[in-house]
Amino acid sequence: MHEQERAQLILKLTRERVVVPVRELIARTGVSSATIRRDLTELADAGLIRRVHGGVQSLDAADFAPRVPQAPVPVPGHDPRKTAIARAAVDLCEDGEAIIISAGATAYQMVEPLIHRRLHILTNSFPIASALLAASTESRVVLPGGEVYPEQGIVLSPFEDDAVQHYSASKLFMSCYGLSPMGVIEADPLIARANLKLLKRAQEVILMVVGSKFENRGSISLCPLDRLRMVITDPSAPPAALDGLRAAGVEVRVVQPVG
């Protein structure tokens, strides 16, 4: 991420929140601690932000009126395509199986069909874990230790040796920013880092993507196509892209949207 892009991101976050931790900025931008601290010094010297212990805030933060408490993490809305894809993903699970579900809007749609299943579920999605537990699921739900990042809805530890490293799953269900002949692509460094940890803990990877994902272009490569067992998508996916997946040895399942 270039210097100007980092500055815009920092200013955007300080406008939205009272305090933004430095460690989050490092994770979000993918640069070193020294680089992000230099950025913060320049923005503070320019009178655009205020440095506080462990983070930064807007110059107007001290004048903020008390905020009405809101849900810490946004819950994805219903999308007929994502609902159908999620249900097809749950159909691949067998009771007693250990699976991993990565954070994402499509993955969140797995919650309802999962409620009455008996599985061992590790998820880095705070909304998914909350919804499953609120519904009194019969599954065992595990969250990795770490900090909750509300914008992405993920729980991520800054340490490699966390709960994720001691979990073994048969399947990882995840979505992505984009999918190309080069493999699975992400745009957000924080999401990329979280998913890379999960990829190491599953035997098979099931990718859940709506057709528009084939058009997105990101800058972070998560894994090549040969790491995927299956891609579940909807009829809007480009036929040529699906043929390319099959040629790479990836099973493709196209499901009709749920009305």
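**Entry 1: helix α2**

I began with the buried residues of α2, which are Val22, Glu24, Leu25, Ala27, Arg28 and Thr29. Here buried means under 20% relative accessible area, exposed over 50% and partly exposed in between, with a 1.4 Å probe and protein chains only. Helices (H or I, at least four residues) and strands (E, at least two) are DSSP runs, numbered from the N terminus.

A note to myself on the source: this is a predicted model, where local features need pLDDT of at least 70, side-chain atom pairs count only at pLDDT 80 or more, and totals for chains, interfaces and linings use all residues. Residues are numbered from 1 along each chain as its sequence is written, and side-chain values use heavy atoms, with hydrogens and water left out.

Back to α2, which spans residues 22-29 and is mostly covered, with six of its eight residues buried. What do the buried residues of α2 pack against? I found α1 (3-16), β1 (20-21), α3 (33-45), β3 (55-58), β7 (147-149) and α8. Contact here means heavy atoms within 4.5 Å. After α2 comes glycine 30, with a positive phi near 75 degrees.

**Entry 2: serine 139**

Next I looked up serine 139, in the loop between α7 and β6 (140-142). Is serine 139 buried or exposed? Its relative accessibility is 10%, so serine 139 counts as buried.

I then listed what serine 139 touches, leaving out residues up to four places away in sequence: Leu114, Arg117, Arg118, Leu119 and Ile121. The side chain of serine 139 reaches the backbone oxygen of arginine 117 at 2.8 Å. A polar atom of that side chain also lies 3.0 Å from the backbone nitrogen of leucine 119.

**Entry 3: the nonpolar cores**

I moved on to the largest nonpolar core, which has 29 residues. Such a core is a set of buried Ala, Val, Leu, Ile, Met, Phe, Trp, Tyr and Cys residues joined through side-chain atoms within 4.5 Å. Ile101, Met110, Leu114, Phe173 and Ile232 touch the most other members. α4 gives the most to this core, with six residues.

Which residues is isoleucine 101 in contact with, leaving aside neighbours within four places in sequence? My list reads Ala107, Met110, Leu114, Ile121, Leu122, Thr123, Asn124, Ile128 and Phe173. A second, separate core has 28 residues, including Val164, Phe214, Leu222 and Cys223.

**Entry 4: pocket and cavity**

On a 1 Å grid over the protein atoms alone, a cavity is a set of points where a 1.4 Å probe fits but cannot get out, and a pocket is an open set with protein on both sides within 12 Å along at least five of seven lines; lining residues have an atom within 4 Å of a point. Grid points are joined across faces, edges and corners, and a volume is the space filled by probe spheres set on the points.

The largest pocket holds about 550 Å³ of space. Of its 31 lining residues, Ala103, Gly104, Ala105, Gln152 and Ile191 lie nearest its centre.

How many cavities of 30 Å³ or more are there? I counted one, and the largest cavity holds about 50 Å³. α8 gives the most to its lining, with three residues.

Notes:
A polar contact is a pair of N or O atoms within 3.5 Å; within protein, one must be able to donate a hydrogen and the other to accept it, and residues adjacent in sequence count only if both atoms are side-chain atoms.
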